[in-house]
Amino acid sequence: MRSLLRCVILSVMTGTGPALASGSVTLLPGKVELTGARATQRLIVEKREGGAFAGDLTGRARFVSSNPRVATVDAGGVVRPVADGSAVITAVIDGAKASAPVRVHGTKKPFPWSFANHVMPLLTKMGCNSGACHGASAGKGGLKLTLRGYDPDADHATFTRQALGRRIVPSDPPRSLMLQKATGSIPHGGGRRFAVGSREYRVLEQWIAAGCPAPSPRDTRLQRLEVYPPEAILKAGQDQQVLVRAVFADGHTEDVTPWVKYTSVDDTVAAVDDHGKVSVRGSGEVPVTMWYLSKVAFARISAPFPKPVPAEAFARAERFNFVDDLVLKKLRALRIRPAGICSDEQFIRRAYLDAAGVLPTPEEVEAFVKECQAERNRAGGNGGNEETRGNGKTRELRAAPISSHFPISSFPPATRARLVDRLLERSEFADYWAYKWCDLLLVSTKKLPSKGMWSFYNWIRDGVAENKPWDRFVREVVTASGSTFRNGAANYYVLHKDPIELTETTSQAFLGMSITCARCHNHPLEKWTLDDYYGMANLFGRVRLKNGDLAGETLVLSGDLGDVPRIRTGVPLPPKPLDGRPIPLDAAGDRREHLAQWLTSPENPYFARSFVNRVWRNFMGRGLVEAEDDLRLTNPPSNEELLAALTRDFTSNGFDVKRLIRTVMTSAAYQRSSTPAKGSETDQKFYSSYIARRLPAEVLLDAISQATGAPTEFPGYPRGTRALQLPDSTVVSYFLTAFGRPERVQTCSCERQEEPNVAQALHLSNGETINGKLRAPGNALERVLKENLPDELLIERLYLIAFSRRPSPDEKSRVEKALGPLPTDPKARREAVEDLMSALLTSKEFLFNH
Amino acid sequence: MAQYSRSLLRVFAFCVPLATATVSAAVAPRSSAAFSPDGALLAVGGYQEVTVREAATGRTKARLGGPSGAVTAVAFSPDGKTLAASSGVPGRSGEIRLWLTETWKPTVLAPAHSDVVYSLAWSPDGKTLAAGSYDRLVSLWDVKSGQSRKLKDHTDAVYSVAFSPDGSRVASASGDRTVKVWDAAAGKRLFTLSDSTAELYSVAFHPTGKQLAAAGVDRMLRTWSIAPSAGALSRSAFAHDGPVIRVAYTPDGQGLFTSSEDRSVKLWDAAVLVEKRVFEKQPDWGLGLAVAPRGDRVAVTRYDGSVAVYQVGPGG
């Protein structure tokens, strides 16, 4: 204790920390290249711990250059060139040293500032061409620039020529309006963007003085961005500067740190400022994304939870397949203790709802639990009213509902896997997933005639039931031709008639990406350009629709003529699927074939991935990428390795959907309890516990109908039709609308509302849906009452119907206290049962999947 | 470094009132042109100077210094006795200078715009000068007294102004995509023509005063028929592959010249908006366009500083 105090006093006095071992610090970047007399490179000193980057020590380091006649370094670690040659920069900190070699060349040659590579990114960083300022579609104050500089040629003309070149004075650069306004020397609506004499000022001034050279095809192009450090393991309260180095095609590199646009995906974990300084605020993991000249890179900032978790918690955690290895790897790195496995009752209810949207019947529950117990007995497990935690210790459950008759101290994956297999073959499974793909493909009579809608619905459902591989399913949609009545998939082209619509819908539905922004300018968050967008649109340029012979029938064909012109130039581009291979404008045949081939290829980095993400989200409650259809470079997955592994597994097994579902459902990650382990309560991202979520509208309505045995009447549909069997989103249903059913007008997954609202709460308590079904004659309550069960068994049965489990002793006594002994008078008894059932059906346990 | 020392010298040159040939003739744009009413002279606006040449021979008669920046417009008064030129310092001020053509003695009107003046137009009686500025205002100057009135309605820079042949109205074309027609005497806006889909750079009255032409960034050439208090679009034609910079009617009203950023100059049948003649490919943008008073020549002055005068036969 005393030596610790001495250490602290010492460090306060000398301002240094405890001595660092050499090898535990490193300079980033590890090698410096300065091209030309104007280049600079900032350095950071990074702590290393166990091979990972673990903290920014630059503030405490002293920098020295071995040869100041070649390169100098200042107190902040910025290296500047003096003359051609080599030198070594060393950082000294608390006795440890780290070095980086520096090579300087080209100082005698002029290094002209390039409009495209220097002026444009600078203006973008300063916000000049942002959507709020001159990048707005009407510009500002008469100056109209392209948004974030997506068209350097146009912007160059605007600066140098438009309005008689008022923005530039070539003979006297400081007098140029461009500089006068930006420095606030003349009143400027945008205020002062940079100071006179700043680096930005000097670049612009020197560019003007050089005669405002225009962008040229000979300009070297940016190839990629390097980020330092690419990953770091930090703690809340720590700051970390990141550096970005641009690598150009001609081989030279530039430190572009001050001009990168930085964003953090989650400010509550880590925030980043305009200078690239990351401040860690909480625990978790977050990518900090960087955008420069339409290229994107990111640094992964990890801030493990503060309390260490013993290694055996992970070593002994359940692992049922490769999914678990990767989930647990991430949890371990972040020190998030996984929850234990859920009980058998919890599993059967969860699996039924997530995979098929129905509740298990009491008989099914009892049978399953018996089967699980039998497997357990065979494996020699012990009894007990316990749930095991991942570390092998057990815990008496109080909060989580658990049946006293069905102990779960060890887990029967085989029985659960068999349950999954049975579920996959049920017709309700086909209904549920057909419904999901109908949401995606917008099946509804809003835009389709009734016969066309049915044709599309049946085509989809048949595909699900026969487990059509996903690549074939999508290929058939994209290349669909012929009669919309005979080929259901052809209705896709009736729903989306315009190539622009088709481009955006196809990207969103099958690639999980929104590329709408690129319709008018380069995408601000992704790498997609206007050219990519219009190349893709032109793949749909020859789709023709004709009226069929029957009323409402449409024929979809691929024509020989037609192209989609690119905006601003009016010239159509060779059809090209995003970043795929183009085909010539005059290529014969159906262009959609080329699209389908690219789209469904196992090499397509987006297609399988986005599908896997959707399926994953259905079961896990949160996509590896959130939102489910927001895959973009600047929104990376929370567990890249896992998503990549699942995707590989999917594509190398023939895009087999049921197999993918089975992989997810039989993993331990899916089977974790929704009660988090102590200390892990705040994790909602890394799957340490099952994320409880409200049942979707249709599933909830069906569950209520099933539990009460009183089906919902849907106008125009036979009695007994479940909500999940409805092919059409226009079927009137107050309940479904209130609970967020998508209208099937937009492809976005956001169309399904998941947010709670007051209307829902009121409707459940006071509305006709539950109350009407409870009172309906001939419903399940009536049938149960006819069995004349004693009170205790009657209550148990109601719990089994609603919750798929028996009540705990505590719950039983509370019900008895609340209701007293149930009346014997049939009418009163019925009412009491209705009351109890109402309480069960409006409870969170019923409304949620958990 | 070399460029800097040059600019330093220039600063000095600016402070000392020399007739400067600041930037070499090949570099500075020639942004405006005008023939004198008798057709004998051609005034060309350059950078910080106006050169006046004999139209027939091209010989320089006078170099007029003083303008503070690019000379955006030059215009002779209807009696030929005064030459007006507009200029300014971007973001700071606009100015109009006048010279007597007999002596080339300069007079300056009080600066009244807060940004560059882009266009000038004389009233037919020579008493009023209309000006349009980047500061969104149109001003009407009483040349004798030097008093001016401001017409405020445009929501973006005013790039071009024109007087109707009877002097009763002024038209202005703006970056706000509209042409506005004003009552010159009362100083009030009569009506607005909003058919253009992008910024307008130039407007001109037909010699009869019954028609207006305007064009700009959306590359279309449009004509409107004009009544005392209203105008209606009469024709439009896709004119160029790039923004249209200037439009100018021939004195007989049968032809309409356009010059464009696509480096072409065209002559149109003004009545039906059909191309009559496409001039040779221009080396650069035709910024200044002037039609000789007898309609026999057209002068084009360009961004690269070159000047060309083309013969125009009867009927193009």
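Tutor: A crossing is right-handed if the near helix is turned clockwise from the far one by less than a right angle, and left-handed if anticlockwise. Keep that at hand; this model is predicted.

Student: Is α12(A) passing α19(A) in a left-handed or a right-handed crossing?

Tutor: Right-handed.

Student: What makes up the contact of α12(A) with α19(A)?

Tutor: From α12(A) come Tyr432(A), Trp433(A), Lys436(A), Trp437(A) and Leu440(A). They meet Phe611(A), Arg614(A), Val615(A), Asn618(A) and Phe619(A) in α19(A). By class, seven are nonpolar, one is polar and two are charged.

Student: Why are α10(A) and α28(A) described as roughly perpendicular?

Tutor: The axes of α10(A) and α28(A) cross at roughly 90° and come within 8 Å. That angle lies in the 65 to 115 degree range, so the two helices are roughly perpendicular. Pro362(A), Val365(A) and Glu366(A) of α10(A) meet Arg797(A), Leu800(A) and Ile801(A) of α28(A).

Student: What makes Asp284(B) and Arg161(A) a salt bridge?

Tutor: Their side chains meet at 2.6 Å, N to O. The cut-off is 4 Å, so the pair qualifies. The count between chain B and chain A is two salt bridges.

Student: How much area is buried between chain B and chain A?

Tutor: About 2100 Å², with 48% from carbon and sulfur atoms. The contact takes 28 residues from chain B and 23 from chain A.

How values were computed
Residues are numbered from 1 along each chain as its sequence is written. Chains are lettered from A and ligands numbered from 1 in the order in which they are written. This is a predicted model: local features need pLDDT of at least 70, side-chain atom pairs count only at pLDDT 80 or more; totals for chains, interfaces and linings use all residues. Side-chain values use heavy atoms; hydrogens and water are left out. Helices (H or I, at least four residues) and strands (E, at least two) are DSSP runs, numbered from the N terminus. Contact means heavy atoms within 4.5 Å. Ala, Val, Leu, Ile, Met, Phe, Trp, Tyr, Cys and Pro count as nonpolar, Asp, Glu, Lys and Arg as charged, and the others, Gly among them, as polar. Buried area is the accessible area (1.4 Å probe) that two parts lose on being put together, summed over both. Axes are lines fitted to C-alpha atoms, for helices over the stretch in contact, and angles run from 0 to 180 degrees between N-to-C directions. Angles under 35 degrees count as roughly parallel, over 145 as roughly antiparallel, 65 to 115 as roughly perpendicular and the rest as oblique.
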